[in-house]
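Let's take a walk through a protein model together. Have a look at it first, and then we'll go through it piece by piece.

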Amino acid sequence: MNNEEKIKVMKNRRKKRRRRENFIIITAVFLALFVFLGGKYALGVIYQNKKQTQNKEAKTGNSKENTETNTSEKQTENSKENAEKKTSNGLELSESGSHIKAADSYAYDTAEIRDYIMSKKEYTGKKIVFLTFDDGVTPGITDKVLNILKEKQVPATFFIVGKTLNDQAKPYLERELKEGHGIAIHSFSHDYNKLYPNRVPNVSVIKQEAEKTISRLKELLGENFNTGVWRYPGGHMSWKGLDTAGNGDEVLKSLGLEWIDWNSLSGDAEPQKVRPTNKDEMLKYVKTSLSYWKQQNVAVVLMHDSQGKNLTVETLPSIIDYFKSNGYEFGILK
Ligand SMILES: [Zn+2]
């Protein structure tokens, strides 16, 4: 091999080496690129998966939160419902809203009791008496009645007249509820000329007065108070047409009110010439008036806690004792 040939061989070797080196570099670059892009892709997948997981978690979390929110909303609703059964001063009311829950066991359906006393329905139950006081609230009388009822441990139903409900009436009403009595209504004005002009029932006045009295009671006792019991001033028995279509009874029923009269009375609001003048006469009046009725095992006794009814207050203990000793239990109307 001459020099020329030697140089040729060396050049060729160098060329080959350079090609090899270039190949390695290019391969390396490709590898590097591959690794870089692949890694990035792989990372991207991981990242995305992670993100999805996080989203899922977030969603699950949200739905958990939603569930929690729903539950707490429900709890709020429940406590609202419970709150709805309370008066503004915290007394727990019955479903009807006209007496406290604790009085439920001796609260009777007004329409049913009405049917019994009028012998429209047969009564086979225990002897039961409903003491009822109309025309209050009357400071000086209502509180004395409440004292006696408390002492004798018996409940009564108070038929409130709306116009008596000034701000001073509030503690009397609260006491009536608190001590287990029932609250009913007896019109707003108690004015026969407004309610029954020319002895004809004015159904729109009757309706207005019922609504006005209930809304005044709600103002004093809280929105949750309500009553389903009404007594017509003068009594249902005194006026014609109340039971005809579209008249008083039907309109009151549309307001959730049932009316009731009585089948026994103390006579404390009767004309002077027949009104009892002492305790014996009054007790006798209660017994005699009941004796005229066919149904005597259910007694609804009409009395008044209006101004001047001191004889009623004085006679009340004997009236209660009379019913007790004759085996009557005491109920309230709802
Ligand atoms: Zn009255």
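## The chain as a whole

Of the 334 residues in the protein chain, 41% count as buried. Keep in mind that this is a predicted model.

How do the contacts span the sequence? Take the contacts between residues at least 6 apart in sequence: 78% of them join residues at least 24 apart.

## The zinc site

Now find the zinc ion. Which protein residues are its donors? They are Asp135 (through OD), His186 (through NE2) and His190 (through NE2), and they lie 2.0 to 2.2 Å from the zinc ion. Along the chain, these donors follow the spacing D-x50-H-x3-H.

Where do two of these donors sit? Asp135 is in the loop between strand 2 (128–134) and helix 3, while His186 is in the loop between strand 4 (182–185) and helix 5 (192–195), so this pair ties together parts that are 51 residues apart in sequence.

Are these two buried or exposed? Buried means under 20% relative accessible area. Asp135 has 18%, so it counts as buried. His186 has a relative accessibility of 2%, so it is buried as well.

When two helices pack, we describe them by the angle between their axes and the distance between the axes.

Who does the touching? Helix 3 brings Thr142, Asp143, Leu146, Asn147 and Lys150, and helix 4 brings Tyr172, Arg175 and Glu176. Sorted by class, this contact has two nonpolar, two polar and four charged residues.

## Helices 8 and 9

Further along are helix 8 (residues 279–291) and helix 9 (residues 310–325), whose axes come within 9 Å and cross at roughly 50°. That angle makes helix 8 oblique to helix 9. The crossing of this pair is right-handed.

On the helix 8 side, the contact uses Lys279, Met282, Leu283, Val286, Lys287 and Leu290; on the helix 9 side, these meet Leu311, Thr312, Glu314, Thr315, Ser318, Ile319, Tyr322 and Phe323. By class, the residues of this contact split into eight nonpolar, three polar and three charged.

Terms used. Residues numbered from 1 in each chain as written. Predicted model: local features only at pLDDT ≥ 70, side-chain atom pairs only at ≥ 80, totals over all residues. Heavy atoms only, no water. Contact = heavy atoms within 4.5 Å. Helix = DSSP H or I, 4+ residues; strand = E, 2+ residues; numbered from the N terminus. Nonpolar A, V, L, I, M, F, W, Y, C, P; charged D, E, K, R; others polar. Donors = N, O, S within 2.8 Å, 3.2 Å for Na, K, Ca; no water. Buried < 20%, exposed > 50% of the residue type's maximum accessible area, 1.4 Å probe, protein only. Axes fitted to C-alpha atoms, helices over the stretch in contact; angles between N-to-C directions. Parallel < 35°, antiparallel > 145°, perpendicular 65-115°, else oblique. Left-handed = near helix turned anticlockwise from the far one by under 90°.
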